[in-house]
Amino acid sequence: MSTNFFVQPIPEINVQELEELLQTVPETQLQLIDVREPDEVIMAKIERFMNYPLSEYSQWSEKILVELDPTQPTLVLCHHGVRSAQMCQWLIRHGFTDVKNINGGIDAYSIYVNPKVPRY
């Protein structure tokens, strides 16, 4: 995945908005992507998120375009929000129309929503 600078603003939601969506929107109506490394997911995770590690881009880049619906709401998570912003940009460039970065990532989720999710 290229680390080119972002050419357009990326819509964001905060972790409180994420939690509201997790509580109210059926699982089938949200695509939830976690771009952290597998060892990070083992340390701390939020249920329902699919793991597509950025370091494994070459392994999933083609199949994600078939597995996911580009018109469905797609929320992207990482540790603090930088890698997820890269993924959002990539998804938007590949035709995804409703993509949002989760501002603050899983670290903010642990601080502001669920302290049972370990911080690292």
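Trainee: In which order do the five strands of the open sheet lie?

Mentor: This is a predicted model, in which local features need pLDDT of at least 70 and side-chain atom pairs count only at pLDDT 80 or more, while totals for chains, interfaces and linings use all residues. Residues are numbered from 1 along each chain as its sequence is written, and side-chain values use heavy atoms, leaving out hydrogens and water. Strands (E, at least two residues) and helices (H or I, at least four) are DSSP runs numbered from the N terminus, and two strands pair if DSSP finds at least two bridges between them. The pairing in this open sheet is parallel, and the order is E1-E5-E4-E2-E3.

Trainee: Which are the edge strands?

Mentor: An edge strand here pairs on one side only. That applies to E3 and to strand E1 (12-13).

Trainee: Which residue of E4 is the bridge partner of Leu-32?

Mentor: E2 (residues 31-34) and E4 (residues 74-77) pair in the parallel sense over four bridges. Gln-31 stands opposite Thr-74. For Leu-32, the bridge partner in E4 is Leu-75.

Trainee: Which residue of E3 is the bridge partner of Ile-33?

Mentor: E2 runs parallel to E3 (residues 50-51), and two bridges join them. The bridge partner of Ile-33 in E3 is Met-50.

Trainee: Which residues point the other way from Gln-31 and Ile-33 in E2, and are the residues buried or exposed?

Mentor: Buried means under 20% relative accessible area, exposed over 50%, and partly exposed in between (1.4 Å probe, protein chains only). Gln-31 and Ile-33 point one way. Leu-32 and Asp-34 point the other way, and all are buried.

Trainee: Why is H5 described as largely enclosed by the rest of the structure?

Mentor: What covers its buried residues includes E2, helix H3 (57-60), helix H4 (64-67), E4 and strand E5 (99-102), where contact means heavy atoms within 4.5 Å. H5 is largely enclosed because, of its 12 residues, the number buried is nine.
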